[in-house]
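Please view the sequence and the structure first, and then follow the text.

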Amino acid sequence: MFQFLIDALLRTADLALVTLGLSMLYGLVKFPNIAHVQYAMFGAYASYALYAAGAPLIGALLIASVVTGVLALGLHLLIFRRLLRAGPSISMVGSLAVSMLAIALMQGLAGSFPRMFKLGHAAPLTIAGAHISYTQFYFVCTTVVLLVLVTLLLFYTRLGRAMRALTNNAALANASGLNAERITFLVSFASGMVAGLGGSMLSLSTGAHINLGNDLLLPVFAAAILGGLGNPMGAIAGALLIAVTETAVTNLNFGFLFGVDMKFLPVTYINAASFLILLLALLFKPYGLFDREVRRV
C-alpha cells in the first residue's frame with residue numbers, strides 16, 4: 001500500500017510543475033497553450049546537452065530551465081501575443097502548430113533515439129518497505145519546495161496579488177494601474193522555466209526523448225481542467241487526482257475476473273485513465289473541481 005502512495009506521489013511530481021505553469025499562464029492569456037508541454041521536452045534535451053558537455057548536473061538543470069523560460073517568453077512575444085489579437089481559438093490552433101514544429105525541429109537536431117543520463121547506479125532508498133530511487137526522491141523534494149514557493153508568491157507578495165487580480169478581473173486590474181503586459185511577460189518566463197525544470201528532472205529517469213512532451217499532453221491538460229484552468233493550486237490537486245487514478249489502473253489485480261492469481265492492465269492504459277477522468281470532468285464539472293473561482297475568470 002505504501003508503495004502505491006509512493007508511485008502516486010512520483011506521478012504527481014511528473015505532472016505538477018508542467019500543469020502549474022500551464023494553469024498560471026492560462027489565467028492571464030485565456031487560451032490553452034498546447035505547445036506548453038513541449039517546453040518540458042526542450043528542457044530535457046537542453047539539460048542533457050549541458051550535462052554531456054561537462055556541466056555539473058544541478059547547474060545543467062538550472063541553466064536549462066532558465067533557457068526554457070527565455071524560449072517561452074520569446075514565443076509569447078513573437079507568436080502568441082500576435083495570435084491573441086485574433087482570439088483564443090486561433091491562438092490555440094497556432095499553439096498546436098508551434099508544438100508540431102518544435103517536435104520536428106528537435107527530432108532533426110537530436111534524432112529520435114532517447115538520450116539517457118549517465119548517473120551511475122545506486123541502491124534505491126527504502127521507506128517503510130517501499131522503494132524509490134534517489135533521483136526520484138530529489139525530484140519529489142524539489143517539486144514540493146517549488147510548490148510551496150509558488151504558493152507563498154501567489155498569496156503573500158505584491159506580484160502574486162497582482163496576478164490574481166488580473167486573473168479574476170483584467171479590466172478592473174488595468175483600471176487600477178497594474179501593468180498587465182509586464183506581468184504576463186513574467187508569468188510566461190516563469191511558466192516556461194518551471195516546465196523546463198519539470199521536464200529536465202523527469203528525463204533523469206526516463207531520458208530525454210522526442211515524445212516526452214506528447215506523453216504529458218493529455219494528463220497535464222486533464223489535471224489543469226480538473227483543477228480549473230487558471231487556478232494554479234487547483235491544478236496541483238488535479239495532478240494528484242490524475243496521478244492516483246493512473247497508478248490505481250496499473251496496480252489493480254484483475255486476476256479474480258479471469259480465474260488466475262494475477263492479471264494487471266498494461267501501462268499503455270494509463271492514457272485511457274486520463275481520458276476517462278477528463279471525460280467525466282467535462283460531463284459533470286466542466287469548470288473544474290474549484291468552479292467558483294474559475295467562473296469569475
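Helices (H or I, at least four residues) and strands (E, at least two) are DSSP runs, numbered from the N terminus. The model is a predicted one, in which local features need pLDDT of at least 70 and side-chain atom pairs count only at pLDDT 80 or more, whereas totals for chains, interfaces and linings use all residues. Residues are numbered from 1 along each chain as its sequence is written, and side-chain values use heavy atoms, with hydrogens and water left out.

**Overall form**

The protein has 13 helices and two strands. Its radius of gyration, taken over C-alpha atoms, is 19 Å, close to the 19 Å that the globule rule gives for 297 residues, so the protein is as compact as a globular protein of that length. The globule rule is 2.2 Å times the number of residues to the power 0.38. Along the principal axes, the C-alpha atoms fill a box of roughly 65 × 50 × 35 Å.

Contact means heavy atoms within 4.5 Å. Among the contacts between residues at least 6 apart in sequence, 75% join residues at least 24 apart.

**Surface and charge**

The protein exposes about 14900 Å², and carbon and sulfur atoms supply 70% of this area. Accessible areas come from the Shrake-Rupley method with a 1.4 Å probe; for residues, only the protein chains shown count as cover. A residue is buried under 20% relative accessible area, exposed over 50%, and partly exposed in between (1.4 Å probe, protein chains only). Buried residues make up 44% of the 297 residues.

There are 16 positive and 8 negative side chains, and the centres of the two sets lie 14 Å apart. Lys and Arg count as positive and Asp and Glu as negative, while His and the chain ends are not counted. The place of a charge is taken as NZ of Lys, CZ of Arg, CG of Asp or CD of Glu.

**The nonpolar cores**

A nonpolar core is a set of buried Ala, Val, Leu, Ile, Met, Phe, Trp, Tyr and Cys residues joined through side-chain atoms within 4.5 Å. The largest one holds 46 residues, of which Y45, L212, L216, V220 and I242 touch the most other members. Helix α9 (residues 212-227) supplies the largest share of this core, 10 residues. Apart from it lies another core, of 23 residues, including L20, M24, V29 and M163.

Returning to L212, its contacts, not counting residues up to four places away in sequence, are A40, M41, A44, G199, L202, S203, T206 and G207.

**Individual residues**

M106 belongs to helix α4 (residues 88-110) and is buried, with a relative accessible area of 12%. Neighbours within four places in sequence aside, M106 is in contact with M41, F42, Y45, G111 and I210.

R11 is part of helix α1 (residues 2-29). Is this residue buried or exposed? R11 is buried, because its relative accessible area is 19% and buried means under 20%. Neighbours within four places in sequence aside, R11 is in contact with P219, A243, E246, T247 and I270.

K30 lies in the loop between α1 and α2 (36-52). Although K30 is not a glycine, it has a positive phi of about 65°. K30 is partly exposed, with a relative accessible area of 29%.

T135 is found in helix α5 (residues 134-156) and is partly exposed at 24% relative accessible area. Leaving aside neighbours within four places in sequence, T135 is in contact with L119, L204 and S205.

Helix α10 (residues 232-251) includes N251, which counts as partly exposed at 35% relative accessibility. L241 is also placed in helix α10 and is partly exposed, with a relative accessible area of 35%. With neighbours within four places in sequence left aside, L241 is in contact with L226 and L289.

| Pair | Separation in sequence | C-alpha to C-alpha distance |
|---|---|---|
| M106 and F42 | 64 residues | 7.9 Å |
| T135 and L119 | 16 residues | 9.2 Å |
| N251 and D7 | 244 residues | 9.8 Å |
| L241 and S274 | 33 residues | 9.9 Å |
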